[in-house]
Amino acid sequence: MEKHIMGENGISYTLGEDGLYYPDLYLPEETEYPIGKYGMLRKSYLQEHRKGLYLELVLAGKLNEHLHLIDEECNQMMDRLVEQMKEKQGVTEELKMQDQMAWVGKMNNIRACAEEIVIHEIIIN
């Protein structure tokens, strides 16, 4: 018996110890982008709630790129939302100099609200 054969479908096969031929399948090379907090949240969400899409991205070699793009999109949306909310609520540098504790409290609240929107709109969508 030959150890390696080429099938009619163009896929090569290797003989296993059990006497059966197994296809020589490899995952495509994947990019190595840095993944931040939101990319990791998206990965967890896909693994738990969207297993089909997660597997599709892994098999296509596009998971890392997808997570990187999601991470960038979330960070950009966070920046926009925080600035809009600061303006709407009157959170200024002047307030920061006058009453730092009030400024910190308002900024923490704004960031938490913005992050909730980002997670709902992008991560779990």
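Which residue stands opposite Thr14 in strand 2? It is His4.

First, the ground rules. This is a predicted model, in which local features need pLDDT of at least 70, side-chain atom pairs count only at pLDDT 80 or more, and totals for chains, interfaces and linings use all residues. Residues are numbered from 1 along each chain as its sequence is written, and side-chain values use heavy atoms, with hydrogens and water left out.

The elements are DSSP runs numbered from the N terminus: helices are H or I with at least four residues, strands are E with at least two.

Pairing here requires at least two DSSP bridges between two strands. Strand 1 and strand 2 have three bridges, in the antiparallel sense. Strand 2 (residues 12-15) is also joined to strand 3 by three bridges, again antiparallel. Look at the partners. Leu15 bridges to Tyr21 in strand 3. Tyr13 bridges to Pro23, also in strand 3.

Next, the hairpins. Between strand 1 and strand 2 there are five residues, and Gly10 in this hairpin takes a positive phi near 85 degrees. The hairpin of strand 2 and strand 3 also has five residues between the strands; there Gly19 takes a positive phi near 90 degrees.

On to helix 1 (37-49).

Which residues of helix 1 are buried? They are Tyr38, Gly39, Arg42, Tyr45 and Leu46. Buried means under 20% relative accessible area, exposed means over 50%, and partly exposed is in between, with a 1.4 Å probe and protein chains only. Viewed down the axis of helix 1, the buried residues fall within an arc of 120 degrees, so they line one face. That arc uses directions from the helix axis to the C-beta atoms. These buried residues pack against helix 2, helix 3 and helix 5.

Now the core. The largest nonpolar core has 23 residues, and Cys74 and Val118 have the most contacts inside it. Such a core is a set of buried Ala, Val, Leu, Ile, Met, Phe, Trp, Tyr and Cys residues joined through side-chain atoms within 4.5 Å. Helix 1, helix 2, helix 3 and helix 5 (100-123) each give two or more residues to the core. Helix 3 gives the largest share, nine residues. Beyond its neighbours within four places in sequence, Cys74 contacts Tyr38, Val118, Ile122 and Ile123. Contact means heavy atoms within 4.5 Å.

Last, two partly exposed positions. Ala60 is in the loop between helix 2 (51-59) and helix 3 (63-89). Its relative accessibility is 39%, so Ala60 counts as partly exposed. Leu69 lies in helix 3. Leu69 is partly exposed because its relative accessibility is 46%. The C-alpha atoms of Leu69 and Tyr21 are separated by 39 Å.
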